[in-house]
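Student: Can we go through this one together? I'd like to start with a helix and then look at a loop.

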Amino acid sequence: MVFGRIPTVVDGSEVVRLPLRKKNVSAIYLDNNATTAIDPRVADVIDEVLRAGPANPSSQHAAGRRARERVDQALETIAAALGTKISTPGGPRLILTSGGTESNHMALHGIGDPKGPLIVSEIEHPSVRATAQHQQANGREVRWIPVDRDGVIHLDALASMIDPPGEQAAVLVSMMSANNETGVIQPIQQAAEICRSAGVPLHVDATQSIGKVPVDLDALNAAAVTFTAHKLHGPVGIGGLWLASGVKIQPVFHGGSQQLESRPGTEPVALVAGMATAIQLATAELGSSAKLMRQLRDSLEQSLCRKHPELVVVGQNSNRLPSTTSIALSGTDRQSMLMALDLAAVACSSGAACSSGSSPPSHVLLAMHAPQAWVDSVLRFGVSKFSTMDEILLASERISIAYNRLRRFEDVEN
Ligand code: PLP
């Protein structure tokens, strides 16, 4: 590792000594909650479908019929891998979308009366949170479920909000299965019980869970479930919304008869086939990949906490995804650390990826009433099934060096 002076100056004074990236420093990608590298086997399938020729599944000629067959096969594959059946008329359905954001948006706009009360948790991904805030600004009643200090949704609050005496019952509950920042797994099964006994549909954002923990759609007892391919080594730009038997949805887009008019637009056959392969592989290999990810994630946490006992793993008392760690490096500024680590060729995140560029304080940590020092200094690291122990050991060294340097600098400044 080489250290040098960054030529950048802020307010006329030099900022801080940071590691300069040598050309041959190997890059370590630990931002797998933002997106993952495509699995080469998935890339092969996409390549094969793209090269097979024109593919509009709505066309009535042979090429169109082949494309339709490919999409239908892919949907069957996804359904089987996720524990559901979509072949029965009137049974569960899979709607193809452009990804998690669109699926969440569709669920919040399209399930139940869009003017009726909506319940969401305070730690939802911005695609749910901002949609709920937008609806709230336009007059919809939104009830926000708080979380405890370990980042777990308060089920008691859900139970009290769902059908309060003297008030209108909620028409929809939307809740994530695992948080994208902390990795904390939420009590979805119990939430589904509460929703079911109140007769209110539950939408689950399972974007971060598939490929990390078992997901069985039929057993979830939810009304709708969001997923996306690029979090599990599939292509960016394709995702889905599963709907339980009998759940109706209003379309957000109009103007085409595809997907029973629920989501018009030509289905991207190659991406759909790629997503099916990615989900199939993610579920088939879950046992070994989850074990590997947990070993790597735990090693990173242990080695950093051994070197710096003052570090805090956010949500460490909770059940967490095996892949994710969110670490408060108190005494440093998370944006400076992120930049230092980027220069040291370690990719991580200082907030939700969708807000990269600008990074407001984490609404998740604020909802957990975390100390300000954590909010200021938290970084998220996410491993994948392609991460290695060598990378983790090297990343731990680089993080430790950057932390020591920035902490010293901030001590001087303060
Ligand atoms: N929901 C969660 C929990 C996420 O982590 C993300 C992406 O970070 C999304 C939804 C949005 O998914 P997409 O990037 O496919 O739109």
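Student: Which residues of helix α6 are buried?
Tutor: In α6, residues 188-198, the buried ones are Ile-188, Ala-191, Ala-192, Ile-194 and Cys-195. Buried means under 20% relative accessible area, exposed over 50%, and partly exposed in between, with a 1.4 Å probe and protein chains only. Helices are DSSP runs of H or I with at least four residues, strands are runs of E with at least two, and both are numbered from the N terminus.

Student: Why do they line one face of the helix?
Tutor: Viewed down the axis of α6, its buried residues fall within an arc of 160°, so they line one face. The arc is that of the directions from the helix axis to the C-beta atoms.

Student: What is exposed on the other side?
Tutor: Arg-196 and Ser-197 are.

Student: And what covers the buried residues of α6?
Tutor: The cover includes α5 (155-162), β9 (172-176), β10 (202-205) and α7 (217-220).

Student: How reliable is all this?
Tutor: This is a predicted model, where local features need pLDDT of at least 70 and side-chain atom pairs count only at pLDDT 80 or more, while totals for chains, interfaces and linings use all residues. Residues are numbered from 1 along each chain as its sequence is written, and side-chain values use heavy atoms, leaving out hydrogens and water.

Student: New topic. Where does Thr-36 lie?
Tutor: Thr-36 is in the loop between β5 (28-29) and α1 (40-51).

Student: Buried or exposed?
Tutor: Thr-36 counts as buried, because its relative accessibility is 11%.

Key. Contact means heavy atoms within 4.5 Å.
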